[in-house]
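Reader: Hi! Could you walk me through this one while I have it open on my screen?
Author: Happy to, let's take a look together.

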Amino acid sequence: MDIYGQALLDQYRGKLKSKLWLYNSYGHPEDMPVDIFFRPEADMPEMEIIAMDLCKGKTLDIGAGVGSHALILQAKGIDVTALEISSKACEIMKHRGVKKVVNADILQYDSEKYDTILLLMNGIGLCEDIPGLRYFLDYIKKLLMPSGQLIFDSSDIAYLYKPDEFISSNYYGEISYQYEYQKVKGNWFKWLYVDFDTLNAIAEKGGWECEMIYEDDMDQYLVRLILKSDK
């Protein structure tokens, strides 16, 4: 069951039946405010505004949710395609007026090439773990124009841990989550938060130039990656 998508659909219809809970592998369950996905531009953080201002040309918004970022880009005249794995979220996007909606897993999508590929609200987390990030950065090259850019945000979540908790076989930013809505729980899924130094090292080895565009006081940051030229 698409727990996440059903909560979004109920919120859109004004009939949210319960809280959307997010269980995690590091602490107590969190109440996920569903209305955050429907924010207008005026309520978005500076980092997301900067990211959208950097978008140019043909743009792919990965993990588009209910289309809040895609609608803003569309209104600015950007040729944007909103890609989302949740069919219910895609239904909402179409009703909200997003013109190009693709219901797909990004790792199974290779239909077109783009000038800008965008992932916001830590959309890069879909990589699940460090090996998944390496794979994603290699895979996404086939969707990017030679002069294109990959823009996304992430954060360093070291603050969640005590020093002795870092002794682990896994990278500390590899988290597991589970949604619960109306007392129905979905499957656990993995999600990645990557610190900038680790990301930069992986990107460098993968043939990317990585530039930090913005960083806030909560260890969240925005980056732009472009492919190194063959000189």
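**Salt bridges, helices and the sheet**

Author: The count of salt bridges comes to twelve. Keep in mind that this is a predicted model.

Reader: Nice. What does Asp129 form a salt bridge with?

Author: With Lys190, where the closest N and O atoms are 3.0 Å apart. The pair links distant parts of the chain, 61 residues apart: Asp129 sits in the loop between strand S6 (114–119) and helix H5 (130–139), and Lys190 in strand S10 (residues 189–192).

Reader: And is Asp129 buried or exposed?

Author: Asp129 is buried, at a relative accessible area of 16%.

Reader: What about Glu211 and Arg224, how do their side chains meet?

Author: In a salt bridge, 3.3 Å from N to O. Glu211 belongs to strand S11 (residues 208–215) and Arg224 to strand S12 (residues 220–227), so this pair ties together parts 13 residues apart in sequence. Glu211 is partly exposed, with a relative accessible area of 39%, and Arg224 is partly exposed too, with 22%.

Reader: Which residues are linked with Glu41 in a network?

Author: Asp53 and Lys76; salt bridges link the three.

Reader: Switching to helices. Which residues of H4 are buried?

Author: In helix H4 (residues 87–96) they are Ala89, Cys90, Ile92 and Met93. Looking down the axis of H4, these buried residues fall within an arc of 160°, so they line one face of the helix.

Reader: Why would residues a few places apart point the same way?

Author: An α-helix has 3.6 residues a turn, so residues three or four places apart point the same way.

Reader: Got it. What is exposed on the other side of H4?

Author: Lys94 and His95.

Reader: And what do the buried residues of H4 pack against?

Author: Helix H1 (3–12), strand S4 (80–84) and strand S5 (101–103).

Reader: Let's talk cores. Which residues touch the most other members in the largest nonpolar core?

Author: Ile117, Phe136 and Leu150, in a core of 51 residues. H1 gives the most to this core, with five residues.

Reader: Which residues is Phe136 in contact with, leaving aside neighbours within four places in sequence?

Author: Phe136 is in contact with Ile62, Ile106, Leu107, Leu119, Ile124, Leu126, Cys127 and Leu150. There is also a second, separate core of 21 residues, with Met44, Cys55, Ile72 and Val101 among them.

Reader: Now the sheet. In what order do the strands come?

Author: Seven strands make an open sheet, in the order S5-S4-S3-S6-S7-S12-S11, with mixed pairing. S5 and S11 are at the edges with a single partner strand each, so one side of each has no neighbour in the sheet. From one strand to the next, the twist averages 20°.

Reader: How many bridges join S7 to S12?

Author: Six, and strand S7 (residues 144–155) and S12 run antiparallel. As one example, Asp153 has Leu222 in S12 as its bridge partner.

Reader: Last one: which strands does H3 lie across?

Author: Helix H3 (residues 68–75) lies across strand S3 (59–62), S4 and S6, and runs at about 175° to S4. Helix H6 (residues 196–205) packs on the sheet as well, touching S7, S11 and S12, and its direction makes about 155° with that of S11.

Reader: Great, thanks a lot!

Terms used: Residues are numbered from 1 along each chain as its sequence is written. This is a predicted model: local features need pLDDT of at least 70, side-chain atom pairs count only at pLDDT 80 or more; totals for chains, interfaces and linings use all residues. Side-chain values use heavy atoms; hydrogens and water are left out. A salt bridge is a side-chain nitrogen of Lys or Arg within 4 Å of a carboxyl oxygen of Asp or Glu. Helices (H or I, at least four residues) and strands (E, at least two) are DSSP runs, numbered from the N terminus. Buried means under 20% relative accessible area, exposed over 50%, partly exposed in between (1.4 Å probe, protein chains only). The arc is that of the directions from the helix axis to the C-beta atoms. Contact means heavy atoms within 4.5 Å. A nonpolar core is a set of buried Ala, Val, Leu, Ile, Met, Phe, Trp, Tyr and Cys residues joined through side-chain atoms within 4.5 Å. Two strands pair if DSSP finds at least two bridges between them. Axes are lines fitted to C-alpha atoms, for helices over the stretch in contact, and angles run from 0 to 180 degrees between N-to-C directions.
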